[in-house]
Structures are given as C-alpha cells and as structure tokens.
Amino acid sequence: MNSSEIRNPKLILIVDDDPNDIEITRRVLLKMGRDIQVLAVASGEHAVRLLQEGADLPSLVFLDLKMSGMSGIDTVRWIRADERLKHIPLIIVTNSTLESDMRKAYDAGANSFVHKAFDIEQFSKEIKAHLECWLK
C-alpha cells in the first residue's frame with residue numbers, strides 16, 4: 001500500500017450542493033468532540049476531482065443524494081468503481097423518505113443513510129452514531 005492509499009483518520013468529506021446543509025453538517029461534526037478536519041465540496045464532480053487528485057483520502061464521506069449535475073448515486077458508483085477509493089465508507093444524507101431511493105443508494109454501494117432533519121438534536125444523534133460506527 002503506498003501513501004496515496006492511506007486514509008486520513010481525521011478527514012471527513014461532505015458533498016452537498018446546498019451551502020446551508022453543508023454548514024449544518026459541518027457544525028454538527030465539529031461539535032462531536034473529536035479531533036477531525038471537515039472538507040466540503042458542492043458537487044459530485046468536484047468530489048470526484050478531489051478524490052482523484054488527493055493523496056490524503058477521507059476516512060468518511062457524507063454525500064447528498066440529490067444534487068444537480070452528478071447525483072449522489074452516480075458519485076457513489078464512481079467511488080466504488082475506483083480500486084483506491086472503494087473502501088471509504090459512504091453515508092448518504094438526504095431529505096428523501098422513498099424506499100426506492102434508499103434501495104438505489106445501497107445497490108450502488110452506499111454504507112448507510114442519515115435523514116436531513118429539521119430537528120438538530122436528532123440529526124446530531126444520527127451523525128454521532130455514524131462517526132462511532134465508521135471511525136472507531
């Protein structure tokens with residue numbers, strides 16, 4: 001394994017086309033009391049470029065399901081097809097409650113789901129649970 005294949009245990013990537021959702025997720029992550037770095041991009045295309053070029057890979061990606069341009073599903077498929085990236089946990093963050101959206105995301109290779117919530121406490125609990133699960 002070369003250095004470009006090593007995930008940074010402190011780096012979390014947020015991929016979302018809504019700046020408000022990015023900021024909420026960033027704040028929740030930074031309040032978790034962990035020594036982490038949060039990087040955010042506004043599109044699946046930008047995430048792909050960042051991951052292709054980056055030697056410092058994230059340990060976890062929070063990814064919006066429905067974005068303009070490259071969708072969350074397409075981004076998941078792209079990451080899972082890349083040998084260097086396919087083991088990074090991908091958590092879909094979405095407003096959708098459709099079972100078909102969840103099924104498509106899991107079929108594409110997503111690891112889990114977090115529902116965007118107006119209740120910040122519930123959203124924080126879900127994010128914390130995923131951090132504890134994926135960043136042991």
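1. Basis. The model is predicted, so local features need pLDDT of at least 70 and side-chain atom pairs count only at pLDDT 80 or more, while totals for chains, interfaces and linings use all residues. Residues are numbered from 1 along each chain as its sequence is written, and side-chain values use heavy atoms, with hydrogens and water left out.

2. Largest core. A nonpolar core is a set of buried Ala, Val, Leu, Ile, Met, Phe, Trp, Tyr and Cys residues joined through side-chain atoms within 4.5 Å. Buried means under 20% relative accessible area, exposed over 50%, and partly exposed in between (1.4 Å probe, protein chains only). The largest nonpolar core has 21 residues, and the members that touch the most other members are Leu13, Val15, Val61, Leu63, Ile92 and Ala105. Two or more residues each come from strand 1 (7–15), helix 2 (44–53), strand 3 (57–64), helix 3 (72–81), strand 4 (90–94) and helix 4 (99–108). Helices (H or I, at least four residues) and strands (E, at least two) are DSSP runs, numbered from the N terminus.

3. Second core. A separate core of 17 residues includes Ile12, Val38, Ile127 and Leu135.

4. Val15. Contact means heavy atoms within 4.5 Å. Not counting residues up to four places away in sequence, Val15 touches Val41, Ser43, Gly44, Ala47, Val61, Phe62, Leu63, Asp64 and Met67.

5. Val41. This residue lies in strand 2 (residues 37–41). Val41 counts as buried because its relative accessibility is 4%. Leaving aside neighbours within four places in sequence, the contacts of Val41 are Leu13, Ile14, Val15, Asp16, Ile22, His46, Ala47 and Leu50. Val41 and Asp17 stand 24 residues apart in sequence and 7.7 Å apart in space, C-alpha to C-alpha.

6. Ile92. Strand 4 holds Ile92. With a relative accessible area of 0%, Ile92 is buried. Beyond neighbours within four places in sequence, Ile92 is in contact with Leu63, Leu65, Val76, Ala105, Ala110, Ser112, Phe113 and Val114. Between Ile92 and Leu50 there are 18 Å in space, C-alpha to C-alpha, and the two are 42 residues apart in sequence.

7. Helix 2 and helix 3. Two packed helices are described by the angle between their axes and the distance between the axes. Axes are lines fitted to C-alpha atoms, for helices over the stretch in contact, and angles run from 0 to 180 degrees between N-to-C directions. The axes of helix 2 and helix 3 come within 9 Å and cross at roughly 15°. Helix 2 is therefore roughly parallel to helix 3; angles under 35 degrees count as roughly parallel, over 145 as roughly antiparallel, 65 to 115 as roughly perpendicular and the rest as oblique. The crossing of helix 2 and helix 3 is right-handed. A crossing is left-handed if the near helix is turned anticlockwise from the far one by less than a right angle, and right-handed if clockwise. Gly44, Val48, Leu51 and Gln52 of helix 2 make the contact with Thr75, Trp78 and Ile79 of helix 3.

8. Helix 3 and helix 4. Here the axes are 8 Å apart and the angle is about 15°, so helix 3 and helix 4 are roughly parallel to each other. Helix 3 passes helix 4 in a right-handed crossing. On helix 3 the contact residues are Ile73, Val76, Arg77 and Arg80, and on helix 4 they are Asp101, Lys104, Ala105 and Ala108.

9. Helix 1 and helix 5. The axes of helix 1 (residues 19–30) and helix 5 (residues 120–134) come within 10 Å, crossing at roughly 60°. That makes helix 1 oblique to helix 5. The crossing of this pair is right-handed. Ile24, Thr25, Val28 and Leu29 in helix 1 meet Ile120, Phe123, Ser124, Ile127 and Leu131 in helix 5.

10. Aromatic pair. The structure holds one aromatic pair. Rings of Phe, Tyr and Trp (its six-membered ring) pair if their centres lie within 6.5 Å; planes under 30 degrees apart count as stacked, over 60 as edge-to-face and the rest as tilted. Tyr106 and Phe113 form a tilted pair, at 5.5 Å centre to centre with 55° between the planes. Tyr106 is partly exposed, at 37% relative accessibility, whereas Phe113 is buried, at a relative accessible area of 10%.

11. Ser68. The loop between strand 3 and helix 3 contains Ser68. At 55% relative accessibility, Ser68 is exposed. Not counting residues up to four places away in sequence, Ser68 touches Asp17 and Glu45.
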